[in-house]
Amino acid sequence: MIKGRCLCEGVQYEYDGELTELAVCHCQMCKRAQGTAFATNAPIMSDGFRIVTGQELLKTYFSSEKKKRVFCANCGSPLFSQRTDRPEVLRLRVGTVTSGKIPQPAYQQYCESISDWFMLSDATPRYMQGKT
Ligand SMILES: [Zn+2]
Ligand SMILES: [Zn+2]
């Protein structure tokens with residue numbers, strides 16, 4: 001069982017299944033949609049996924065003709081995407097998961113668009129909590 005929620009906690013979801021294949025997506029649209037260097041998404045079956053609270057907060061944006069991106073209208077958290085020609089699959093935004101096992105990424109895609117400014121090494125200082 002996977003559980004998750006948006007930042008404001010208005011939207012809470014559950015998934016009866018496991019996350020099996022984590023994709024790191026470097027495409028330009030995912031960067032814009034997440035506001036960061038890449039997205040981490042996991043395909044899940046729509047029929048095991050349910051919104052527990054906050055259905056009325058879900059807002060949909062079609063970033064292309066057949067692909068909608070669904071987010072919380074209150075706090076803006078991206079939650080999942082779905083293609084109209086493959087409605088049986090959702091691509092869950094893994095950063096919203098709060099309980100359940102998350103595997104390591106299985107692959108990266110759109111690597112031609114990798115953000116060359118994003119490079120973490122052991123030399124990058126690490127802090128617990130936010131740097132003050
Ligand atoms: Zn929210
Ligand atoms: Zn993408």
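The largest pocket in this predicted model has a volume of about 320 Å³. Its lining comprises 16 residues, and the closest to its centre are Lys67, Ser81, Arg83, Arg91 and Gln109. The model also holds a zinc ion (ligand 1), coordinated by Cys6, Cys8, Cys72 and Cys75.

**Pocket lining**
- Helix H1 (28-34) supplies at least two residues of the lining of the largest pocket.
- Strands E7, E8 and E9 (86-93) each supply at least two residues as well.
- By class, the lining residues divide into 6 nonpolar, 5 polar and 5 charged.

**Zinc site**
- Each of the four cysteines coordinates the zinc ion (ligand 1) through its SG atom, at 2.3 Å.
- The site is tetrahedral, with angles of 103 to 115 degrees among the 4 donor atoms.
- For four tetrahedral donors, the ideal angle at a metal is 109.5 degrees.
- The donor residues follow the spacing C-x1-C-x63-C-x2-C in sequence.

**Chain link at the zinc**
- Cys8 and Cys75 link distant parts of the chain, 67 residues apart.
- Cys8 sits in the loop between strand E1 (2-5) and strand E2 (12-15).
- Cys75 sits in the loop between strand E7 (67-72) and strand E8 (78-83).

- Cys8 counts as partly exposed because its relative accessibility is 33%, between the 20% and 50% cut-offs.
- Cys75 is also partly exposed, with a relative accessible area of 27%.

Technical notes:
Residues are numbered from 1 along each chain as its sequence is written. Chains are lettered from A and ligands numbered from 1 in the order in which they are written. This is a predicted model: local features need pLDDT of at least 70, side-chain atom pairs count only at pLDDT 80 or more; totals for chains, interfaces and linings use all residues. Side-chain values use heavy atoms; hydrogens and water are left out. Donors are N, O and S atoms within 2.8 Å of the metal (3.2 Å for Na, K and Ca); water is not among the atoms, so sites may look incomplete. Four donors count as tetrahedral if all angles lie between 85 and 135 degrees; four count as square planar and six as octahedral if opposite donors are over 155 degrees apart and all others between 65 and 115; anything else is irregular. Helices (H or I, at least four residues) and strands (E, at least two) are DSSP runs, numbered from the N terminus. Buried means under 20% relative accessible area, exposed over 50%, partly exposed in between (1.4 Å probe, protein chains only). On a 1 Å grid over the protein atoms alone, a cavity is a set of points where a 1.4 Å probe fits but cannot get out, and a pocket is an open set with protein on both sides within 12 Å along at least five of seven lines; lining residues have an atom within 4 Å of a point. Grid points are joined across faces, edges and corners, and a volume is the space filled by probe spheres set on the points. Ala, Val, Leu, Ile, Met, Phe, Trp, Tyr, Cys and Pro count as nonpolar, Asp, Glu, Lys and Arg as charged, and the others, Gly among them, as polar.
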